[in-house]
Amino acid sequence: MEILNQLSSQKGDKTEIANRLVAEKCIANPKILAEIAIGLEEADKKLQSDCIEVFTIVAEVKPEFIVPYTENILPLLYNKETKTRWEAVHTLSFIADKIPDIIVSVLPALQSLIEKDKSTIVRDYAIGTVANYAKVSAETSEKSYEILKFALELWGEKHAKQVFKGFNNVLNNCPDYNAEINLLVQSYLTANKKVVATEAKKIVKRTEK
């Protein structure tokens with residue numbers, strides 16, 4: 001499979017430039033993604049990481065191209081390599097609202113990553129995946145809400161930006177949560193992170209209408 005030989009680790013490229021070039025080829029010709037998907041199962045950990053990074057790059061601009069390969073991505077949530085885990089969950093975050101029936105089946109895994117993963121990046125993308133899943137409907141919002149609350153209680157300001165994104169999606173579908181979410185974000189109006197305080201103010205203003 002020639003395309004796999006063009007990835008960063010195979011070319012001795014210590015940057016992501018080669019992977020981005022491959023991703024551009026995949027966007028131009030989505031059929032190539034089938035070969036990249038095979039690489040996700042390679043024993044070569046660096047190659048595996050390259051392949052899921054390509055998926056992430058493609059998913060950011062063409063999430064619909066990645067949806068058919070969701071089942072290839074899910075095992076990587078449990079991968080021992082931190083970068084592979086974070087690229088896998090980052091990819092899922094881009095397609096979560098397009099695959100609600102699959103995301104619901106991995107909510108326990110996502111909650112486990114949020115609770116236990118040592119990587120801040122992995123946790124952040126896991127919360128982002130739950131937040132985007134909340135977009136779909138009132139039902140997905142309700143399922144997401146408990147996990148988002150859990151993340152906020154556990155990590156506070158550290159991951160509040162992603163949690164608040166999820167809260168906004170919940171409010172779009174379930175306005176009955178207005179009062180409760182208002183109370184939850186009150187203490188973040190004076191957060192040390194300016195972006196968190198700004199988002200908290202927006203939610204408070206929205207929920208006090």
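Let's start inside a helix: Leu 113 lies in α8, where helices (H or I, at least four residues) and strands (E, at least two) are DSSP runs numbered from the N terminus. Leu 113 has a relative accessibility of 11% and so counts as buried; buried here means under 20% relative accessible area, exposed means over 50%, and partly exposed is in between, with a 1.4 Å probe and protein chains only. Setting aside neighbours within four places in sequence, Leu 113 is in contact with Leu 77, Val 122, Arg 123 and Ala 126, contact being heavy atoms within 4.5 Å. Arg 85 is 28 residues away from Leu 113 in sequence, yet their C-alpha atoms are 9.6 Å apart in space.

A word on what you're looking at. This is a predicted model, in which local features need pLDDT of at least 70 and side-chain atom pairs count only at pLDDT 80 or more, while totals for chains, interfaces and linings use all residues. Residues are numbered from 1 along each chain as its sequence is written, and side-chain values use heavy atoms, with hydrogens and water left out.

Now zoom out. The chain has 13 helices and zero strands. Its radius of gyration is 18 Å, close to the 17 Å that the globule rule gives for 209 residues, so the chain is as compact as a globular protein of that length. (That radius is taken over C-alpha atoms, and the rule is 2.2 Å times the number of residues to the power 0.38.) Along its principal axes, the C-alpha trace spans about 55 × 30 × 25 Å. Buried residues make up 49% of the 209. Of the contacts with a separation of 6 or more, 63% are between residues 24 or more positions apart.

Back to α8, this time with a partner. Helix α8 (residues 100-116) and helix α10 (residues 138-155) have axes that come within 11 Å and cross at roughly 10°. That makes the two helices roughly parallel, since angles under 35 degrees get that label, over 145 is roughly antiparallel, 65 to 115 roughly perpendicular and the rest oblique. The axes are lines fitted to C-alpha atoms, for helices over the stretch in contact, and angles run from 0 to 180 degrees between N-to-C directions. Among the residues that meet are Val 104, Leu 107 and Ile 114 in α8, and Ile 147, Phe 150 and Trp 155 in α10. By class, this contact has nine nonpolar, two polar and two charged residues.

Helices α9 (residues 120-133) and α11 (residues 160-173) make another pair, with an angle of about 5° and axes 8 Å apart. They are therefore roughly parallel too. This contact divides into three nonpolar, five polar and two charged residues. Gly 128 in α9 and Gly 166 in α11 are among the residues involved.

Finally, the core. The largest nonpolar core has 67 residues, and Ile 36, Phe 55, Phe 164, Phe 167 and Ile 181 touch the most other members. Helix α4 (residues 45-61) gives the most to this core, with eight residues. Phe 55 touches Leu 33, Ile 36, Ala 37 and Tyr 69, among others. Tyr 69 sits in the loop between α5 (63-66) and α6 (70-73) and is buried, at 16% relative accessible area. The C-alpha atoms of Tyr 69 and Phe 55 are separated by 9.2 Å. Beyond its sequence neighbours within four places, Tyr 69 also contacts residues including Pro 30 and Ala 34.

Definitions and conventions. A nonpolar core is a set of buried Ala, Val, Leu, Ile, Met, Phe, Trp, Tyr and Cys residues joined through side-chain atoms within 4.5 Å. Ala, Val, Leu, Ile, Met, Phe, Trp, Tyr, Cys and Pro count as nonpolar, Asp, Glu, Lys and Arg as charged, and the others, Gly among them, as polar.
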